[in-house]
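Open your viewer and get ready to click along. We will go from one stop to the next, selecting a few residues each time.

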Amino acid sequence: MSEVKYSKEHEWIKLEGDVATIGITKHATEMLGDIVFAELPEKGSNVEKDGTAGVVESTKAASDVYTPVSGEVVETNQEIIDDPSKINQDPEDSAWFFKLKIKDQSEMDTLMNKDDYDKFAKETSA
Amino acid sequence: MNIKKTSLYQLHQESNAKFVEFAGYQMPIQYSEGIVEEHKFTRNHSGIFDVSHMGQLFIYGGEDLIKDLEKIFPLDLKNLKLNHSKYSFLMDKDAGIHDDLIITKTNEGFLIILNAACKDNDFKILKELLEEKHKMVLDENRSLIAIQGPKSSQNLNDVVVGVKDLNFMSGNWFSFQDHKVYITRSGYTGEDGFEISIANDFVDKLTRELINKGSKLIGLGARDTLRLEAGLCLYGHDLDKDKTPVEANLKWAISKERISKGDFIGSDIIIKQLNNGVSKIRVGIKPEGRIIAREKTKIFNQSDVHIGEITSGTFGPSVNGPVAMGYIENEFSKKDTKVFLEVRGKKHPANICGLPFYKKSYVKGATK
């Protein structure tokens, strides 16, 4: 069974087997506004938990995207590079950012579940 | 510090504005539809911008005032017709720019529209330069709204009859339900449009009527993408005290007649630069891919030598790609010169290009 967890940097992560799909939350897209540019990590590269693993830019500013867990990048989503507005339209499903072969499954335990994240998002944006 | 609010604050709130602090004012950066939609709506229909944070400086006087102002501004004010406007700058003796502005000749003197962040300092400078000979009022009792885009002329004319006959860069007094409003055909988006100076007490009513006609409120976010696509400068970014109008590629705004005599503040440097050229100049820059090069991005030539810096950069919704302006060493300023922009440690190709990125559609004559 797959489970979705959330980070304090507003990424979501869905683990299926040892492959994690990562994107940014709807709440993050609402704070950013219209996303007009996305940069993703290179396929085959290794990323470290809480390290930078991409960039999104709105008309206003650039923001780093962090990876909530460590692993090797096995796939990136070309669709959001070609049309970054898809991130605003469907951030928590088809507009995922990258997939990782996860290194240490216990890193998932440090992340929030949906209820905790919703509460966190509400508190931090108030 | 006490953050000021404009007279449209309540309307902004009702319209779900996201606010930012700008030059000491609480201003709407965007509304619920977002910057891209607001930008496109202005290009295709009609957007209303609250620019009441900008300074409206009225200076009263006749012939004496014209003489005194010509010592300050590089304009032929003597021959400026009543109700006509010019774009200009307040400079220091080295021709560094304190502010860029629009000056209009009125029946009582001049109206100068100043940038919000500069207006208090401008007032101080002008008061000193004019030696308090002329009455000057930085009017806080009037609001300023801009209405921009192809449907603006019709929408505004439905509410304030007669405005559609105004020529570009000229103005006049009109009536809005018995209230006197001063309207100029101008703006800062690259679209046909108007700026309306109106008493604070009536601006809410006028704006709501324009919304009823189909115009929409547009935030400062889209104002920035619109003006950048139109190749227009933003003070504090593309213009400042370390840049002259010649370096800013704005020599078209300096009166040729006045250059020949050269008796205005900064004229020595301006004339020298016009004759000998400048070492750096403002250009348009178009990145080749989708990468956005923002303010302070370094520009390199093909031999990896640092040759300039971006002063404004964003995504242009009508261009559907990144757009930027910056200052670059003069020898690399030619159109189609290939340069490289350093973004997050990587160099990305870009080309020097002409401005504007988006073609203007100003109305020259009146639509009769």
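Start in chain B with helices H5 and H6, which are oblique to each other because angles under 35 degrees count as roughly parallel, over 145 as roughly antiparallel, 65 to 115 as roughly perpendicular and the rest as oblique. Before you go further, note that this is a predicted model, in which local features need pLDDT of at least 70 and side-chain atom pairs count only at pLDDT 80 or more, while totals for chains, interfaces and linings use all residues. Residues are numbered from 1 along each chain as its sequence is written, and chains are lettered from A and ligands numbered from 1 in the order in which they are written.

**Stop 1: two helices of chain B**

Select residues 152-159 for H5(B) and 200-212 for H6(B); their axes come within 9 Å and cross at roughly 125 degrees. Helices (H or I, at least four residues) and strands (E, at least two) are DSSP runs, numbered from the N terminus. Axes are lines fitted to C-alpha atoms, for helices over the stretch in contact, and angles run from 0 to 180 degrees between N-to-C directions.

Which residues of H5(B) meet H6(B)? They are B:Asn155, B:Leu156 and B:Val159, and they meet B:Leu206, B:Glu209 and B:Leu210. Two residues are in contact if their C-beta atoms, placed from the backbone, lie within 7 Å.

**Stop 2: another helix pair**

Now pick H2(B), residues 35-44, and H7(B), residues 220-229, whose axes come within 8 Å and cross at roughly 60 degrees. These two helices are therefore oblique to each other as well. Colour B:Ile35, B:Glu38, B:His39 and B:Thr42 in H2(B), then B:Gly221, B:Ala222, B:Thr225 and B:Leu226 in H7(B), which they meet. This contact has 3 nonpolar, 4 polar and 1 charged residues.

**Stop 3: a buried strand**

Select strand E4(B), residues 47-50. B:Gly47 and B:Phe49 point one way, B:Ile48 and B:Asp50 point the other way, and all are buried. A residue is buried if 20 or more other C-beta atoms lie within 10 Å of its own, exposed if 12 or fewer, and partly exposed in between, with C-beta atoms placed from the backbone.

E4(B) pairs with E10(B), residues 142-148, in the antiparallel sense over 4 bridges, and two strands pair if DSSP finds at least two bridges between them. E4(B) also runs parallel to E14(B), residues 216-217, joined by 2 bridges. Click B:Ile48: it stands opposite B:Ile147 in E10(B) and opposite B:Leu217 in E14(B).

**Stop 4: a leucine after a strand**

Find B:Leu355 in the segment after strand E20(B), residues 346-353. Is B:Leu355 buried or partly exposed? With 18 C-beta neighbours inside 10 Å, B:Leu355 counts as partly exposed.

**Stop 5: over to chain A**

Show the open sheet of 6 strands in chain A, ordered E1-E2-E3-E9-E8-E5 with antiparallel pairing. Strands E1 (3-6) and E5 (46-47) stand at the edges with a single partner strand each, so one side of each is left without a neighbour in the sheet.

Conventions:
Ala, Val, Leu, Ile, Met, Phe, Trp, Tyr, Cys and Pro count as nonpolar, Asp, Glu, Lys and Arg as charged, and the others, Gly among them, as polar.
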